[in-house]
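Good morning, and thank you for coming.

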Amino acid sequence: MTDPGQDTAEQEQQPARPAERHSTGPGTAGARAARATGLIVTLVLGGLSALPPLSMDMYLPALPEVTGALHSPAATVQLTLTACLLGMALGQLVVGPMSDKWGRRRPLLAGMAVYVVATAACALAPNAGLLIGFRLVQGLAGAAGIVIARAVVRDLYDGVAMARFFSTLMLISGVAPVVAPLIGGQILRLTDWRGVFVVLTAVGLLLTLAVWRFLHETLPPERRQAGGLGATLRTMGALLSDRVFTGYMLAGGFAFAALFAYISASPFVVQDIYGASPQTFSLLFGVNSIGLVLVGQINGKLLVGRVSLDKALAVGLVVIALAAAALLLMASGVFGKAGLAPIAGGLFVLMSAMGLAMPNTNAQALMRSRDAAGSASALLGTSTFLLGALASPLVGIAGEGTAVPMAVVQLVCALAAAACFLGLCRPWQKRD
């Protein structure tokens, strides 16, 4: 384990270990072939990173329509989001070790092929139960893009180059939630909710063809892992036994759960309670996503190296909790009947603050696991998606006529994130 209290800039300047130099050296045929395609590989990996938010967020404006078309309550339809998120969580634990053992291309192409079939099945689902099942398979298959895109970057790049490439991928995946609801809203102007899945099927098919044509194998046979399930479980157990790593993992997971409570509830809150159109909802969602991206870029470009990650994280968690508390007061009528504008303002502040909380929890956790970054990344991703999936159905418990459940879930999750940060990470202590 390494000391997460070290300055981030100093860690980025550390030279690569010999094994890392070998793994990314110019002698790797797959690395040479992938680098030769340059921009195309960047776009393919960016597309794989953007696929999960596209799969989730293009569908959001259609949620109220789905409840009527399939004659199901809002809480049941929200399970279609939960199922997709749960699939993405569990799929990462499966596909990550597979790609270390069998290489990157085969698991990725298999995952993308299943994604295309499952997404097409979603477009044809006759009832909510089957739609939930197809969305689960869609999430399981889509997890291949999340895990393997990061692994390919690690195969191809090292040091500063790797950090810059990850920044590019983060920017692309941050833009995806901005445009996805806008695209979804425009699709609904032309067709019904099934058309959203038809478009996602086409996107998945194009990405599959791009992977097959342009993304060469980047993990040669001599570098593949021979260990089985037992070795993977032992590594993950060692990580979870680290109190500080677990603290950051849970803090980031609960912060994401507050975010996902917004994602799953906001279509009903904004459209059904406050009477906004799908296009207005898409616009507001896009503005909120822009806030998250901008704050995230401020964190990465201006704060890192000047302000400790723990301080930036603490500010983010405090702002999230305050915004959630304000939303709860407004939704419960403490200040009288609140209109759409103040609710939208509170959601904007809450979502923007995620740009401070989520990147810094991930960075601090990964600093604790330099020699097991793949397993640590899988645990971070899985816990984040699982907690988000648990938060989704809770926001619909009290029905569709009030925003109070959404605000309560957000506040509880924000306070839980702060408790994990303070109680487990203990940022005031010097760490080993």
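In which helix does Val94 lie? Val94 lies in helix α6; helices here are DSSP runs of H or I of at least four residues, strands are runs of E of at least two, and both are numbered from the N terminus. Please note that this is a predicted model, in which local features need pLDDT of at least 70 and side-chain atom pairs count only at pLDDT 80 or more, while totals for chains, interfaces and linings use all residues. Residues are numbered from 1 along each chain as its sequence is written, and side-chain values use heavy atoms, with hydrogens and water left out.

Val94 has a relative accessible area of 48%, so it is partly exposed (buried is under 20%, exposed over 50%, partly exposed in between, with a 1.4 Å probe and protein chains only).

Let us turn to helix α13, residues 278–303. Its 26 residues should span 38 Å at 1.5 Å a residue, and the end C-alpha atoms, 36 Å apart, agree with this; the expected span is 1.5 Å times one less than the number of residues. Among the buried residues of α13 are Phe281, Phe285, Gly291 and Val293.

Finally, the backbone. Most residues other than glycine have a negative phi. His71 sits in the loop between α5 (63–69) and α6, and is exposed at 71% relative accessibility. Arg426, in the segment after α17 (404–425), also has a positive phi, near 45 degrees.
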